[in-house]
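Please find below my notes on the model that you asked me to look through. They are set out as numbered points, to be read beside the sequence and the coordinates.

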Amino acid sequence: MKDKEDFFTNEKLISQLISFRAKKAKSNHDLHISQSYLKTRKEIKDSETIYDIMPPRRRWVNLGQEYRKNGKFFLDNSVKMNKKRLELTIERDRKKIFNKPIYYKNLQEYLRKQKLRVFFYKKLKICKPKVIPIPKNSTTLRPLCSYNFDDNLILKEVNSYLTKKFDTLFFDCSFAFRSKNKDDHVPTHHDTIVKIKKYLQIHKGEQIYVAECDLQKFFDTINHQVIKNSYEKAISDKRVSIPNRVKKRISKIIDEYLMSYNFIDNVKSLENAPSFNNKYENKTFGWIKEKDLIALYGEKYKEEKLGIP
């Protein structure tokens with residue numbers, strides 16, 4: 001199957017899977033360490049898929065001195081080291097002509113199925129995410145949403161692809177949700193501090209004004225139609241270059257993503273279950289006041305599709 005431009009390629013998918021497995025190894029290690037100190041035992045519930053399609057840890061390539069302290073390619077944390085070990089292991093096994101490991105065959109089959117799903121399935125469906133209530137304070141919960149393994153892989157790749165493609169639409173003074181620039185650097189809040197300091201130096205002695213604002217419950221209340229309109233405007237911009245076939249499939253995935261979730265049905269509805277109140281001691285998910293929802297969307301606001309994970 002021929003890759004469509006640079007979207008959903010084997011290279012990108014394997015990179016995502018490696019990153020997930022490396023972080024999982026770190027979190028599992030940290031949990032085992034904490035359990036040994038606390039003398040407790042908690043079952044680690046992992047996706048079996050990642051272990052079927054990634055090399056067993058005992059077969060990971062050991063890194064040479066060049067990747068360790070004072071080495072030419074020094075990696076300063078265990079996640080980076082795990083990622084490099086996995087990259088080298090998979091590359092080693094890819095070059096084998098005979099007797100390729102079972103995991104590698106599983107990986108190739110998994111990639112084939114996911115690419116078929118993304119590029120060719122007419123009924124590409126994104127399942128509803130699992131909503132996990134997390135205590136925020138003594139009275140409020142916040143929802144943590146988790147998509148299944150396959151859907152999460154697809155959504156992450158779409159996010160990565162569109163972040164890169166839409167970056168040209170951002171102002172130079174925008175620093176959130178940016179892609180790598182020509183210097184292979186992703187703008188962060190640290191860059192804003194540098195710019196602010198330069199601005200203060202240039203305007204030293206002048207009166208400076210700062211505007212600060214916070215959009216209350218923005219992601220929990222944004223209307224899906226607003227998202228669709230903004231997306232269509234961005235993807236139709238002449239500065240955004242995406243092949244038509246890829247554009248159609250990504251648009252399909254975006255629609256399925258929005259259909260999989262809205263705050264009223266997926267989150268607020270959980271509060272109606274007796275078992276929920278017993279478990280969370282009458283805590284509720286924080287949201288804006290009903291009068292504000294009515295002001296925005298009218299009395300039938302519950303019929304609107306609001307919020308994203």
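The points below cover the basis of the model, its sheet, its core, its aromatic pairs and a few loop residues.

1. Basis. This is a predicted model, in which local features need pLDDT of at least 70 and side-chain atom pairs count only at pLDDT 80 or more, while totals for chains, interfaces and linings use all residues. Residues are numbered from 1 along each chain as its sequence is written, and side-chain values use heavy atoms, with hydrogens and water left out.

2. The sheet. Three strands form an open sheet in the order S1-S2-S3, with mixed pairing; strands (E, at least two residues) and helices (H or I, at least four) are DSSP runs, numbered from the N terminus, and two strands pair if DSSP finds at least two bridges between them. Strand S1 (130–135) and strand S3 (284–285) are the edge strands, each of which pairs on one side only. S1 and strand S2 (residues 140–146) run antiparallel and are joined by six bridges, and Ile132 stands opposite Leu144 in S2.

3. The nonpolar core. The largest nonpolar core has 60 residues, and those with the most contacts inside it are Phe7, Leu17, Met54, Val158, Leu162 and Ile250. Such a core is a set of buried Ala, Val, Leu, Ile, Met, Phe, Trp, Tyr and Cys residues joined through side-chain atoms within 4.5 Å, where buried means under 20% relative accessible area, exposed over 50% and partly exposed in between (1.4 Å probe, protein chains only). Helix H5 (residues 149–166) gives the most to this core, with eight residues. Leaving aside residues up to four places away in sequence, Val158 touches Phe7, Ile250, Ile253 and Ile254, contact meaning heavy atoms within 4.5 Å.

4. Aromatic pairs around Phe7. The structure holds 14 aromatic pairs; rings of Phe, Tyr and Trp (its six-membered ring) pair if their centres lie within 6.5 Å, and planes under 30 degrees apart count as stacked, over 60 as edge-to-face and the rest as tilted. Phe7 and Phe119 form an edge-to-face pair, with 5.9 Å centre to centre and 85° between the planes. Because Phe7 lies in the segment before helix H1 (10–38) and Phe119 in helix H4 (residues 102–119), this pair ties together parts that are 112 residues apart in sequence. Both Phe7 and Phe119 are buried, and one aromatic cluster is formed by Phe7, Phe8, Phe119 and Tyr161.

5. Phe276 and Phe285. The ring centres of Phe276 and Phe285 are 5.7 Å apart with the planes at 35°, so this pair is tilted. Phe276 is buried at a relative accessible area of 7%, and Phe285 also counts as buried, at 1% relative accessibility.

6. Positive phi angles. Asn99, although not a glycine, has a positive phi of about 55°; Asn99 lies in the loop between helix H3 (78–94) and H4, and counts as exposed at 72% relative accessibility. Lys217 is likewise not a glycine and has a positive phi of about 50°; this residue is found in the loop between helix H6 (189–202) and helix H7 (218–221), where Lys217 counts as partly exposed at 25% relative accessibility.

7. Ser269. In the loop between helix H10 (263–266) and helix H11 (274–280) sits Ser269, which counts as partly exposed at 32% relative accessibility. A polar atom of the Ser269 side chain lies 2.4 Å from the backbone oxygen of Asp265.

Technical notes
A polar contact is a pair of N or O atoms within 3.5 Å; within protein, one must be able to donate a hydrogen and the other to accept it, and residues adjacent in sequence count only if both atoms are side-chain atoms.
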